[in-house]
Amino acid sequence: IGSLREGAVVTGIVRRITDYGAFIDLGGIDGLLHKSEMSWTRINHPSEVVEVGQQIEVTVLKMDINADRVSLGLRQILPDPWSDVSKRYKVGDVVKAPVSRIVPFGAFVQLEGGIEAIIPNSEQSENSSRRSENQLNVGEEVEARVIDIRPDQRKMTLSIKQLHEEKNREEFNASQNSRNNDTRTTIGDLIAPSIQKELYGEEIETEQKDTNAD
């Protein structure tokens, strides 16, 4: 116990799991590892990360020996996925990811590497007045375009609406080009009749006379 200090990395045993965290036996004193300090990504329950009897390394965040309280952290010794997010994702990228949670102002999706990105309600469909609960469901895989990345704020914004609008424009343009190609009159089409008359006019007239005579 005397060796414990804030900032130290220590080894402990998971003794008990609650809805809000896990109690870690540090060898004579229990420390609380709150679920918000377990992972860089949002988790629903501590049992997603730890289990009773597991030996883990944790960081001492705060301690009050007199009050018998020690706050621990696990994510602090794990790689921060936001540290190199700009290398893995760029504005304009199209990503596919499952919806991880719904909030009043939008829906979060879980990207690879532990990144959560937000799709605001206004970027989910052409009808921005609809609430996100009526558009997307947790677990649903969506395709969206990256429209903003702010690593310093640990924030990434996606848009389904902009991706759909772009696809619709591409389909419309492709359809227009196809229609134009089918109905386009070429220079050859315009000059062909005159060339035929000039080259074969006498033969055509002779054939027509012979046919009439018969």
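**Before you start**

You are looking at a predicted model, in which local features need pLDDT of at least 70 and side-chain atom pairs count only at pLDDT 80 or more, while totals for chains, interfaces and linings use all residues. Residues are numbered from 1 along each chain as its sequence is written, and side-chain values use heavy atoms, with hydrogens and water left out.

**Stop 1: the whole protein**

Show everything as a cartoon. The protein has 3 helices and 10 strands (DSSP runs numbered from the N terminus: H or I of at least four residues for helices, E of at least two for strands). Along the sequence, the pattern reads β-β-β-β-β-α-β-β-β-β-β-α-α. Of the 214 residues, 32% are buried (buried is under 20% relative accessible area, exposed over 50%, partly exposed in between, with a 1.4 Å probe and protein chains only).

**Stop 2**

Zoom in on residues 21-25 and 30-34. These are strand 2 and strand 3, which run antiparallel and are joined by 5 bridges. Pick D25 and you will find its bridge partner, D30, in strand 3.

**Stop 3: strands 6, 7 and 9**

Next, select residues 94-103, which form strand 6. A hairpin of 2 residues leads from strand 6 to strand 7, and 4 bridges join this antiparallel pair. One to click on is V99, whose bridge partner in strand 7 is V109. Strand 6 also runs antiparallel to strand 9, with 5 bridges between them; here A97 has V142 as its bridge partner.

Stay for G106, in strand 7 (residues 106-111). Is G106 buried or exposed? G106 is buried, because its relative accessible area is 0%.

**Stop 4: the nonpolar core**

Show the side chains of V109, L111, M156 and L158. They touch the most other members of the largest nonpolar core, which has 20 residues (a core is a set of buried Ala, Val, Leu, Ile, Met, Phe, Trp, Tyr and Cys residues joined through side-chain atoms within 4.5 Å). Strand 9 gives the largest share of this core, 4 residues.

**Stop 5: a loop residue**

Follow the loop between strand 9 and strand 10 to R154. R154 is not a glycine, yet its phi is positive, near 55 degrees.

**Stop 6: the pocket**

Finally, select S39, W40, T41, R42 and E116. Of the 18 residues lining the largest pocket, these lie nearest its centre (on a 1 Å grid over the protein atoms alone, a pocket is an open set of points where a 1.4 Å probe fits, with protein on both sides within 12 Å along at least five of seven lines; lining residues have an atom within 4 Å of a point). Strand 8 supplies the largest share of the lining, 3 residues.

How values were computed. Two strands pair if DSSP finds at least two bridges between them.
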